[in-house]
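Thanks for making the time this morning. I would like to walk you through one model, and I will ask you to keep the sequence and the structure in view while I talk.

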There are 2 protein chains.
Amino acid sequence: MPRQVDQEERRRRIADAVCALTEEGGLEGVTLRDVAVRAAISLGAVQRCFRTKEEMLLFAVEAVGGRITARVRARLTASPAQSAATALGHAAGEVALVRAEHRAEARIWLAFLAQAAVSPPLAGHLRTGYAALQGLFARLIEEAAAGGTGAGLDPEREARTLLALADGLTAQVLVGHLTERAAEEVLDAQLARMWAGPSGP
Amino acid sequence: MPRQVDQEERRRRIADAVCALTEEGGLEGVTLRDVAVRAAISLGAVQRCFRTKEEMLLFAVEAVGGRITARVRARLTASPAQSAATALGHAAGEVALVRAEHRAEARIWLAFLAQAAVSPPLAGHLRTGYAALQGLFARLIEEAAAGGTGAGLDPEREARTLLALADGLTAQVLVGHLTERAAEEVLDAQLARMWAGPSGP
DNA sequence: CCCGTACCGATACGCTCGCATCGGAAAAAG
DNA sequence: CTTTTTCCGATGCGAGCGTATCGGTACGGG
């Protein structure tokens, strides 16, 4: 068998390049040529890994989504001794890509989100990520409710609320309407109110 | 004086064409040629109205933002007899472009939002729209608090919360993660909880 | 040693983009 | 009717895009 190349590692490198370019100039700033330069390989190699540009972008968005949920999970297992309520706070804080060090990921996510609004296959991949996060949130809320904090809450609905709020905050920080500080304050207040009093009729 | 043309009316027609195209294929599906076709004028005429493409897009986003806030205001003045609390409910419902008939505007808004993350001038125009809506929300909340409903709330923070939540819900409905029904339920529950109990430490 | 094969990099192609240019049509003034 | 001024629509241009192709290259098995 002739020479072999680690395709997976190469794909990961390409995905990283896609993210870097998306962060700088949006999704329309991502060209195959620039990706090749950023990944330090040739255009031909990029085309060997992904037959079309769309295929490449789908792989990249999956990578980003996975990275975000992985980070959330890591944050949870890193501080296991606390209550489910504080764990949810940490998780929500990670999902709202508000902090400066995650600004890049936020830009990437928003770019893919907008594209997904007009590209059904992309939307499918995004939904997968959203569903995972919502499920995670719901489980934490349920756990907290079982522990006595915030009993009477509808876990699914609260999870949806938090996820949407985190997304909206991310976007508004990105365009500069909210400061990082204000967004965190909003999120904290929402969590506090959640635990304080059950909602619903 | 030689022949004169109503430039303003033409600009509005062009903005409408931009919106229609954005709705169909995202912002990158908007080309000067297609805009000209949609507006039923020639490419030369488009270039006469706007010196560059960016100038055209800025005008369009301003038009969309204005239309949304105008719709919210209209909704408020249309049902003046009710309390500030229900008025806020209506306003938030309009901002969260959840209903099917506003799906188009939602797509447009999201497209511009993503672009704004990498284009400072565009971000500026968006901020204007956000500030107007947040101010409106804050005023309504304050009014309701003065009337006794939901006293003790921080109007600015609640306004920010509602706006971010509405934005996030819009996006998640758009990618199909939430149904229109679920989004409305989340929004209603949030409003109910707001009036029920003050937040904060 | 060498040969077959999997990979690579360069180049070409067809297309579309934003933008600039220019001859002519149309309308008010004389 | 002629002139003058404003606007319009067609065409051209250079650049950049995604994609296809092909000769060269290097490696592992015989």
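**Salt bridges, ring pairs and the interface**

Let me begin with Glu24(B), which is partly exposed because its relative accessible area is 49%, where buried means under 20% relative accessible area, exposed means over 50%, and partly exposed lies in between, with a 1.4 Å probe and protein chains only. Before I go further, this is a predicted model, in which local features need pLDDT of at least 70 and side-chain atom pairs count only at pLDDT 80 or more, while totals for chains, interfaces and linings use all residues. Residues are numbered from 1 along each chain as its sequence is written, chains are lettered from A and ligands numbered from 1 in the order in which they are written, and side-chain values use heavy atoms, with hydrogens and water left out.

What is the partner of Glu24(B) in a salt bridge? Glu24(B) pairs with Arg38(B), with 2.7 Å between the closest N and O atoms, and by salt bridge I mean a side-chain nitrogen of Lys or Arg within 4 Å of a carboxyl oxygen of Asp or Glu. Arg38(B), at 41% relative accessibility, counts as partly exposed.

Glu94(B) counts as buried because its relative accessibility is 5%, whereas Arg75(B), at 31%, counts as partly exposed.

Arg99(B) and Glu101(B) also meet through their side chains in a salt bridge, at 3.5 Å from N to O. Here Arg99(B) is partly exposed, with a relative accessible area of 25%, and Glu101(B), at 57% relative accessibility, counts as exposed. In chain A, salt bridges that share partners join Asp16(A), Arg67(A), Arg71(A), Arg75(A), Glu94(A), Arg99(A), Glu101(A) and Glu105(A) into one network. Over all chains, the count by this rule comes to 24 salt bridges.

Let me turn to the interface. How many residues of chain A are in contact with chain B? There are 48, and they touch 48 residues of chain B, with contact taken as heavy atoms within 4.5 Å. The two chains bury about 3,800 Å² between them, 65% of it on carbon and sulfur atoms, buried area being the accessible area (1.4 Å probe) that two parts lose on being put together, summed over both. Val175(A), His177(A) and Arg193(A) supply 18% of the area that chain A buries against chain B, more than any other three residues.

Across this interface the rule finds four salt bridges, and the side chains of Glu158(A) and Arg193(B) meet in a salt bridge at 3.1 Å, N to O. On the side of chain A that touches chain B, α1 (7–25), α6 (103–116), α7 (120–146), α8 (155–174) and α9 (180–196) of chain A each supply at least two residues, and the largest share, 13 residues, comes from α8(A).

Finally, the aromatic rings. A search of the whole structure finds four aromatic pairs over all chains, where rings of Phe, Tyr and Trp (its six-membered ring) pair if their centres lie within 6.5 Å, with planes under 30 degrees apart counted as stacked, over 60 as edge-to-face and the rest as tilted. Trp109(A) and Tyr130(A) have ring centres 5.6 Å apart and planes at 80 degrees, so the pair is edge-to-face. Trp109(A) is in helix α6 of chain A and Tyr130(A) in helix α7 of chain A, 21 residues apart, and both residues are buried.

Conventions:
Helix = DSSP H or I, 4+ residues; strand = E, 2+ residues; numbered from the N terminus.
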